[in-house]
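Please look over the sequence and the model below before reading on.

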Amino acid sequence: MCRLVTDYLNETVKQYPDKIAFIDKDRKITFSELKKEASCIAQEFIKIEYFKKPILIFMEKSISMISSFMGVAYSGNFYSPIDTKMPEGRINKILETLKPEIIITDKAHFEQVYSVIKDKKILIFEDIIKKNIINENDIITVSNRIIDADILYVLFTSGSTGTPKGVIINHRAVVDYTDWISNCYGFDESTVFANQAQLYFDLSIQDVYAPMKNGSTTVLIANRMYSAPVRVWKMILENKVNTLVWIPSMLCLFANLDILENVEDAPLKTVLFCGEVMPMKQLNYWIRKYPKVIFGNLYGPTECTDACTYYTVNRKFTDDDVLPMGKPCENSEAFIVDEKGKIITNQGEVGELLVRGSCMSMGYYGDLERTREVFVQNPAQNLYPELVYKTGDLVMYNKFNELVYVSRKDFQVKIKGYRVELGEIEAAASAINEINYNCCLFDGKSEKLILFYTGKVSVDEVRARLSEKLQDYMMPNEYIQLQEMLFNMNGK
């Protein structure tokens with residue numbers, strides 16, 4: 001039985017030492033080579049007795065990044081991957097929260113890291129691997145000190161106050177999720193994934209850890225390639241990819257451009273999607289093209305290690321139907337409560353979804369107050385401590401007793417699979433001195449972020465200043481400069 005994600009790799013190296021584990025644009029790596037690289041990384045921290053501390057990883061999506069993840073895990077520390085295109089201001093906010101003493105980067109990004117972070121120890125991946133220093137006894141000794149409740153990683157998501165939230169996930173949660181999705185959808189040594197999500201995004205979890213559990217292979221496709229879907233499909237064919245776990249907007253891109261009608265059929269067996277609502281019109285396009293493929297809808301925020309409910313498509317839907325969220329994943333509980341905390345069981349009655357289980361995050365790093373707001377005592381019982389996570393999603397049961405998404409109860413929206421707090425955009429805009437008032441709204445129909453503001457500053461200047469503070473997916477799509485901002489009777 002595997003307790004830690006490193007146990008997966010240890011076992012798989014015994015069974016499939018020379019099998020290809022990951023492929024990126026520059027190289028391929030076997031499971032035994034992956035363990036060797038990870039062990040080299042781990043040794044760097046073990047020799048300085050660095051343990052149970054945060055390590056920032058600053059690289060492009062690559063095999064080197066995954067080797068770094070595993071090296072940090074073997075050393076008993078936890079990693080936090082950072083988008084290399086993230087604005088400096090946002091990086092600094094993450095640094096203030098995480099307070100890492102060490103950063104791992106590669107030669108290609110060293111100057112960029114050094115220009116932003118001068119007071120931390122910066123390790124260069126290539127230099128560590130070149131040393132090739134490994135003491136297996138040291139690694140085994142440290143591994144024996146790690147338990148499954150220890151942190152594996154901290155992923156930073158959008159925060160309503162303008163400060164990113166660091167979601168804490170431990171080994172147990174990732175093992176629980178990886179075991180479930182592998183068993184549910186039959187992942188094994190013949191499975192080949194085409195990774196679409198960035199490795200700092202929770203949707204990538206199965207692309208990273210399912211291969212280590214099952215001896216599968218993951219093809220890491222650079223995100224810039226998705227602007228040319230035919231090239232992506234060519235890589236899928238070349239590598240005989242049979243499994244996709246993508247965000248719906250990417251599947252929609254292939255459908256809207258009618259790509260599948262103009263390319264060779266891929267040996268697909270399973271197509272899963274997660275991160276946002278999947279429109280039925282585009283899903284039906286995929287189903288018509290691949291009628292024998294298993295399609296599955298996964299639901300779950302980062303706080304639930306990517307998925308806590310799922311629905312495997314088992315009946316026909318019209319283009320206007322809403323695809324269900326389904327039922328809780330194995331070893332997870334998901335239930336609906338009304339505003340008074342009373343459990344809802346009636347079909348069609350809307351309430352907030354609460355989640356419980358090993359999948360649940362430990363909370364937000366360095367923010368106990370915000371943690372206590374959404375990780376609360378189970379309202380279903382008050383006899384002993386039992387935390388549940390308040391998702392903020394309003395849902396209901398349909399006639400099949402399946403969970404169905406309705407809307408959000410706060411100011412958080414989903415864009416291309418990413419969670420965005422409108423408050424963070426407003427906080428960034430408020431920091432521009434010339435802006436007096438601002439309000440950011442989301443047009444769900446056109447999937448546009450619209451920023452309304454007052455002040456003597458041009459739209460071009462606002463856009464340029466926000467690009468220094470916000471990631472690309474958080475940038476407003478439209479800017480409207482007002483003569484005056486409207487307020488209600490309460491001054492809001």
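Rings of Phe, Tyr and Trp, the last taken by its six-membered ring, count as a pair if their centres lie within 6.5 Å. In this predicted model, there are 18 such aromatic pairs. Tyr79 belongs to strand 4 (residues 78-82) and Tyr153 to strand 7 (residues 151-157), so the pair links distant parts of the chain, 74 residues apart. Is Tyr79 buried or exposed? Tyr79 has a relative accessibility of 2%, and because buried means under 20%, Tyr79 is buried. Tyr153, at 1%, is buried as well.

Aromatic rings also gather in a group: Tyr226, Trp233, Trp246, Phe254 and Trp286 make up one cluster. The charged end of Arg145 sits over the ring of Phe51, 3.9 Å from the ring centre. Arg315 lies over the face of Phe400, and here the distance to the ring centre is 3.8 Å.

Next come the strands. Strands of a sheet pair through backbone hydrogen bonds, in either a parallel or an antiparallel way. In this model nine strands form an open sheet with mixed pairing, and their order is 2-1-10-9-11-12-13-14-15. Strand 2 (28-30) and strand 15 (327-328) are the edge strands, each pairing on one side only. Strand 2 pairs with strand 1 (residues 20-23) in the antiparallel sense, over three bridges. Within this pairing, Lys28 in strand 2 is the bridge partner of Ile23. Helix 8 (residues 171-185) packs on the sheet and touches strand 12 (270-273), strand 13 (294-299) and strand 14 (309-312). The direction of helix 8 makes about 155° with that of strand 13.

The last topic is the interior. In soluble globular proteins, nonpolar side chains tend to be buried together. The largest nonpolar core here has 149 residues. Which of its members touch the most others? They are Tyr209, Met212, Trp233, Trp246, Trp286, Leu298 and Leu466. Trp233, Trp246 and Trp286 also belong to the aromatic cluster. Leaving aside neighbours within four places in sequence, Met212 is in contact with Tyr8, Leu9, Thr12, Phe22, Phe31, Leu34, Ile66 and Met70.

Key: Residues numbered from 1 in each chain as written. Predicted model: local features only at pLDDT ≥ 70, side-chain atom pairs only at ≥ 80, totals over all residues. Heavy atoms only, no water. Phe/Tyr/Trp six-rings, centres within 6.5 Å; stacked < 30°, edge-to-face > 60°. Helix = DSSP H or I, 4+ residues; strand = E, 2+ residues; numbered from the N terminus. Buried < 20%, exposed > 50% of the residue type's maximum accessible area, 1.4 Å probe, protein only. Lys NZ or Arg CZ within 6 Å of the ring centre and 35° of its normal. Pairing = 2+ DSSP bridges. Contact = heavy atoms within 4.5 Å. Axes fitted to C-alpha atoms, helices over the stretch in contact; angles between N-to-C directions. Core = buried A, V, L, I, M, F, W, Y, C linked by side-chain atoms within 4.5 Å.
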